[in-house]
Amino acid sequence: MTTTLETVAVAATEPPQPRPPRKPIRWGNLAVLVVLSVGLAATVLPFVWMVLGAFKTKAEIMQRPITWWPQHPTLDNFRAWLFEFDILRPFFNSVFLAAVTVATTLLFSSMVGWALAKMKFPGKNVIIVVVLATLFVPGIVTLIPQFVLVANLGMVNTYWGLILPGMVGAFGVFLMRQFMLEIPDSLLDAARIDGAGEFRTFFQIVLPLCKAPLATLAIFTFMGSWNSFLWPLIISQDDSMYTLPVSLALFSAEAGGHGSDFGLQMAGSFLIVIPVLVLFIAMQRHFIQGIALTGIK
């Protein structure tokens with residue numbers, strides 16, 4: 001007790017410690033923060049408006065002044081899409097197209113990237129240059145040749161016609177090749193010494209090490225396939241083959257019909273966005289890891 005009182009007395013007699021000086025405001029950092037905040041608001045606010053508008057009536061969306069939060073929330077817009085406009089068929093087409101495109105892109109891009117990264121064969125450097133060159137060719141340039149090829153194969157208005165052009169891409173091949181270049185050759189040699197063939201080495205050793213780039217490629221491929229509009233619009237000849245973006249665009253373009261019903265359009269847009277958000281949330285850890293590793297390399 002005496003020791004405690006003495007400690008308190010000594011502390012009371014000591015002069016107060018000066019506060020550490022405040023760090024000066026860095027106006028450059030503040031300006032960057034303001035610019036990023038404005039950019040974030042410009043990106044997020046339209047999405048928030050779309051989500052909230054999906055639960056509003058047509059009259060409430062058109063009223064002025066505008067209201068952000070729905071005054072009388074309703075699910076009529078979603079019911080109309082599910083039961084009146086039969087969105088299940090376009091939804092199935094989009095899911096099937098995206099799933100097959102992602103699966104084939106991951107498989108073929110990783111196999112081609114593996115061959116270009118770790119195998120030696122004549123003409124490999126030429127193939128790499130050609131793959132890189134195709135990245136600079138706009139997709140609209142190859143649209144007509146692709147359509148002529150698909151039409152000559154008799155694949156117009158078929159799932160094969162929708163899937164075939166997107167089964168493998170130059171970006172996926174380049175991404176997988178760059179990552180596989182970092183896999184140690186000693187690891188692969190050890191697998192071959194143990195008796196593993198090329199396919200077993202690829203599927204049991206190489207692919208498990210490529211989770212990060214595979215997740216990154218899966219997200220980009222899914223988004224590209226899910227949001228694809230021009231190619232499905234050209235290939236599809238009737239509404240049984242329409243995808244969600246095509247159905248929503250044709251619905252919005254209806255003159256004198258439901259084209260001005262913004263609540264229905266926002267509900268449809270919200271339904272299109274949900275799978276992309278779910279996929280990104282489920283794979284964001286691998287996606288961020290893939291971006292980080294790409295930056296390090």
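Relative accessible area sorts residues into buried (under 20%), exposed (over 50%) and partly exposed (in between), with a 1.4 Å probe and protein chains only. The model is predicted; local features need pLDDT of at least 70, side-chain atom pairs count only at pLDDT 80 or more, and totals for chains, interfaces and linings use all residues. Residues are numbered from 1 along each chain as its sequence is written, and side-chain values use heavy atoms, with hydrogens and water left out.

Phe 96 is partly exposed at 32% relative accessibility. Tyr 159 is also partly exposed, at 23%. The two form an edge-to-face aromatic pair, 5.1 Å centre to centre with 70° between the planes. Rings of Phe, Tyr and Trp (its six-membered ring) pair if their centres lie within 6.5 Å; planes under 30 degrees apart are stacked, over 60 edge-to-face, the rest tilted. Phe 96 lies in helix H5 and Tyr 159 in helix H8 (residues 159-163), 63 residues apart. Helices here are DSSP runs (H or I, at least four residues), numbered from the N terminus.

The structure holds ten aromatic pairs. Another is Phe 91 with Trp 226, edge-to-face at 6.0 Å and 85°. This pair links H5 to helix H12 (residues 211-226) across 135 residues. Phe 91 is partly exposed at 35%, whereas Trp 226 is buried at 1%. Trp 114, Phe 199, Phe 202 and Phe 203 form one aromatic cluster.

Definitions and conventions: Helices (H or I, at least four residues) and strands (E, at least two) are DSSP runs, numbered from the N terminus.
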